[in-house]
Amino acid sequence: MTQKKIYIGIGCFLLIYLIGFLIYLFFPGINSNTKLYIAMEPADLLYVKNRTWHLVKGTEVNNSDRYDVYLDGEIQGKMELRALDRWYAFQNGTSYQYPLAKQFIGISSNQTLEKIEDMKSEEFNQDDITYINQALTEMNSVYTYEKINVYSSKKKIIADFDKDGEEESLYYFSNTMRQGYSEFFTLVFLVDHGKIEYIKKEKTSDIYGECNPNYVMTININHGESNHIIYSCTYFSQMGRCAYVTTAKNDTYQTMEVCIEE
């Protein structure tokens, strides 16, 4: 009986340790009192509640908080936001500003946030094309970069995403919702020290079966040891949207997916 109790005690200890490790891994800088709202295109709200990420339609949220509003990366000041067909900004409760049609982000939080601005976009070079082709091969795609790049959605962003003092490259490459192909895919991944770290890697034969990816932002919460890389992914028409939150720390990456359906 004593031996059984020892085994139970060890099992409980390991379970508590595992839960603590997972919380530390996925929610660095986020505590039980964290309030964080991220309004993003087209009319979605990504938020943290009980240390967990959620995605909802902005029209379902009654939130009178004031947001730090960014358009094309430039801060516009604090405003109230309301979601209709898209996000709209208001000041003093009734003073309508404009529909937020540019690259838009709104942030409201009771925590110390750092929006990572030290990043740059670059055109693809031959090394980048090699990584894209490697990812297509690993996805068992019938295509190569050279056969599909003209009509693809693509971007490369460079920054120190995992706070290790060295820059990484973040890519997306997709041909979803484009005519003339036998398969459609969405690739979002980082390259860190020559290794591909996938955020999203999916393909389908349905032209509308995959989503169109869009980089949103990278933030640090409460001066934590990790950054959070946030991506949105929009499906055709009213099929729904997803967001991907990748926790990046010292060459390690863990991604969570949260989605909504119409």
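Predicted model: local features only at pLDDT ≥ 70, side-chain atom pairs only at ≥ 80, totals over all residues.
Close-up 1. Cysteine 242 belongs to strand 17 and cysteine 259 to strand 18, so that the pair links distant parts of the chain, 17 residues apart.

**Close-up 2. The pairing of strands 17 and 18.** Strand 17 (residues 241-249) and strand 18 run antiparallel and are joined by nine bridges; one of the bridged residues, arginine 241, has isoleucine 260 in strand 18 as its partner.

Close-up 3. The strands follow the order 9-15-16-17-18, with antiparallel pairing. Strand 9 (113-115) and strand 18 (252-260) stand at the edges, and because each has a single partner strand, one side of each is left without a neighbour in the sheet. From one strand to the next, the twist averages 25°.

**Close-up 4. The disulfide between cysteine 211 and cysteine 233.** This disulfide has an S to S distance of 2.0 Å, and the torsion about its S-S bond is about 80°, so the disulfide is right-handed. The pair links distant parts of the chain, 22 residues apart, with cysteine 211 in the loop between strand 14 (195-204) and strand 15 (212-221) and cysteine 233 in strand 16 (residues 227-234). Cysteine 211 counts as buried at 0% relative accessibility, and cysteine 233 is buried as well, with a relative accessible area of 1%.

Terms used. Residues numbered from 1 in each chain as written. Heavy atoms only, no water. Pairing = 2+ DSSP bridges. Helix = DSSP H or I, 4+ residues; strand = E, 2+ residues; numbered from the N terminus. Axes fitted to C-alpha atoms, helices over the stretch in contact; angles between N-to-C directions. Disulfide = S-S within 2.5 Å. Buried < 20%, exposed > 50% of the residue type's maximum accessible area, 1.4 Å probe, protein only.
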